[in-house]
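Please keep the structure open while reading.

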Amino acid sequence: MLKNKVTLITGAGSGIGRAAAMLSGREGAHVIVADIQMEQAEAVAAEIVHAGGKAVARHIDVAQRDRHEALVDQVVSTHGRLDAAFNNAGIPGPVAPLLNYDDEAFLRVIDVNLKGVWYGMKAQIRQMLVQGGGALVNNASIGGVVGKAGICGYSAAKHGVLGLTKSAALEYASQGVRINAVCPGIIKTPLYDGVIQGDPATEQYFQTLQPVGRWGRPEEVAEAVVWLLSDRASLVHGHGMVVDGGFTAA
Ligand SMILES: NC(=O)c1ccc[n+]([C@@H]2O[C@H](COP(=O)([O-])OP(=O)(O)OC[C@H]3O[C@@H](n4cnc5c(N)ncnc54)[C@H](O)[C@@H]3O)[C@@H](O)[C@H]2O)c1
């Protein structure tokens, strides 16, 4: 689905980003595995290459605007273009009601989860317009579709990601740049480890939240991401695709 497409994935060292990077590699992409944790990025790139794919690891802190510009420049100087990007890196932030939600933690969630996507889109779309097209997928969440008590910072950022996705999709559709989002449900990744803290009751609680009655797997989200990045999704613009075991259908 992504044969020879130069594909940049942030937060690709773990969880959903890692699964999307692995699947992109299997589908023929040149994968740029970008993460703030360089060791993890290198391990994922090595796995892709070991499986017969093409990948390099790159460092990025998505909260820093100049890092996006530098990374896209580096990708273009190496590969000549940037065909696809998955703005995936994110953090959960605290769990607390609004009045107890720490101001600094709120700003950090906005910096990484919303401004990280905003900066990425600017650098990526600028390049895609120069070369005549491309595809972006942003990682929102069901927390960007519905509210959930205790995660106001995360939810604000993820609602923002969907807004950015839809508005920018309208602005660039006629110039060959497709911009969409995925909204994963409750997916078993290291992001949840800190929330569960080894407690079986908490793990069971999350499992029952999705109508499907189980956790989602990162690979199930990766399928949607890679399809949205591929030319097979040629008429899909400005869509926030839920991959949530039915959570938001209720
Ligand atoms: N797991 C879920 O249930 C779920 C549900 C909906 C949305 N999401 C979203 O999916 C994305 C990935 O989450 P995950 O569950 O795979 O988490 P994860 O913790 O397994 O992976 C996140 C990756 O992002 C990287 N990262 C964090 N901050 C970064 C930064 N500033 N710059 C660059 N990289 C950074 C981490 O090093 C890590 O490799 C996030 O945006 C998250 O909000 C996850």
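1. Start with the ligand and I16. A backbone N or O atom of I16 is 2.8 Å from one of the ligand's oxygen atoms. This is a polar contact (a pair of N or O atoms within 3.5 Å). The ligand alone exposes 820 Å², and the protein buries 94% of that. Accessible areas come from the Shrake-Rupley method with a 1.4 Å probe.

2. The model is predicted: local features need pLDDT of at least 70, side-chain atom pairs count only at pLDDT 80 or more, and totals for chains, interfaces and linings use all residues. Residues are numbered from 1 along each chain as its sequence is written, and side-chain values use heavy atoms, with hydrogens and water left out.

3. I36 uses its backbone, with an N or O atom 3.3 Å from a ligand nitrogen.

4. Which residues come nearest to the ligand? They are S14, D35, N88, Y154 and T189, out of 30 around it. A residue counts as near if one of its heavy atoms lies within 4 Å. By class, this shell holds 15 nonpolar, twelve polar and three charged residues. Ala, Val, Leu, Ile, Met, Phe, Trp, Tyr, Cys and Pro count as nonpolar; Asp, Glu, Lys and Arg count as charged; the others, Gly among them, are polar.

5. Helices (H or I, at least four residues) and strands (E, at least two) are DSSP runs, numbered from the N terminus.

6. The search for spaces uses a 1 Å grid over the protein atoms alone. A cavity is a set of points where a 1.4 Å probe fits but cannot get out. A pocket is an open set with protein on both sides within 12 Å along at least five of seven lines. Lining residues have an atom within 4 Å of a point. A volume is the space filled by probe spheres set on the points, which are joined across faces, edges and corners.

7. The largest pocket has a volume of about 1,100 Å³. Its lining counts 47 residues, and G90, I91, P92, Y154 and L191 lie nearest the centre. Two or more lining residues come from each of α1, α4 (103–131), α5 and α7 (200–209). The lining is 27 nonpolar, 15 polar and five charged.

8. The second largest pocket has a volume of about 170 Å³. Residues lining this pocket include W118, K122, R126, L164 and E171. Helix α4 gives the most to the lining, six residues. Seven lining residues are nonpolar, one is polar and three are charged.

9. How many cavities of 30 Å³ or more are found? The whole structure has one. The largest cavity has a volume of about 50 Å³. I32, V56, R58, Q74, V75, T78 and H79 form its lining.

Methods
A polar contact is a pair of N or O atoms within 3.5 Å; within protein, one must be able to donate a hydrogen and the other to accept it, and residues adjacent in sequence count only if both atoms are side-chain atoms.
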